[in-house]
Amino acid sequence: MQSVIAFDVSMGKSYMVIYNAARSCIFEGEILHNRPHFEQLNKRIIDLVQKDGQVPAIVFEATGVYSH
């Protein structure tokens, strides 16, 4: 089965949860919109691909206009 990464996008940060292929929550927390946090996210995605053998599903929710 495929892992799932879900984001609730806000300005400057997002709330993120990751469910593994067995549908267990393996991460829940905020991710800041900056390079170090995006690099950590990339590592998490690579780790999931290596473990599952497939790319995780990625889901976004945003309910506002987030541009300057």
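This is a predicted model: local features need pLDDT of at least 70, side-chain atom pairs count only at pLDDT 80 or more; totals for chains, interfaces and linings use all residues.
Hi everyone, thanks for coming.

Let's start with the overall layout. The protein chain has one helix and four strands, and along the sequence they come in the order β-β-β-α-β. Its C-alpha atoms fill a box of roughly 40 × 25 × 15 Å along the principal axes. Of the 68 residues, 24% are buried. The chain exposes about 4,800 Å², with carbon and sulfur atoms supplying 56% of that area. For those of you who think about charges, there are 6 positive and 7 negative side chains, and the centres of the two sets lie 6 Å apart.

Now to the helix, H1, which covers residues 35-52. H1 spans 25 Å from its first C-alpha to its last, close to the expected 26 Å. Have a look at where H1 starts: a side-chain oxygen of asparagine 34 comes to within 3.0 Å of the backbone nitrogen of histidine 37. After H1 comes glycine 53, with a positive phi near 80°.

My last stop is serine 14, which sits in strand S2, residues 13-19. Is serine 14 buried or exposed? Its relative accessibility is 5%, and buried means under 20%, so serine 14 counts as buried. What does the side chain of serine 14 make a polar contact with? The partner is the side chain of histidine 33, at 2.7 Å. Beyond its neighbours within four places in sequence, serine 14 also touches other residues, including Phe7, Val9, Gly29 and Ile31.

That's my tour, thank you!

Notes: Residues are numbered from 1 along each chain as its sequence is written. Side-chain values use heavy atoms; hydrogens and water are left out. Helices (H or I, at least four residues) and strands (E, at least two) are DSSP runs, numbered from the N terminus. The expected span of a helix is 1.5 Å times one less than its number of residues. A polar contact is a pair of N or O atoms within 3.5 Å; within protein, one must be able to donate a hydrogen and the other to accept it, and residues adjacent in sequence count only if both atoms are side-chain atoms. Buried means under 20% relative accessible area, exposed over 50%, partly exposed in between (1.4 Å probe, protein chains only). Contact means heavy atoms within 4.5 Å. Accessible areas come from the Shrake-Rupley method with a 1.4 Å probe; for residues, only the protein chains shown count as cover. Lys and Arg count as positive and Asp and Glu as negative; His and the chain ends are not counted. The place of a charge is taken as NZ of Lys, CZ of Arg, CG of Asp or CD of Glu.
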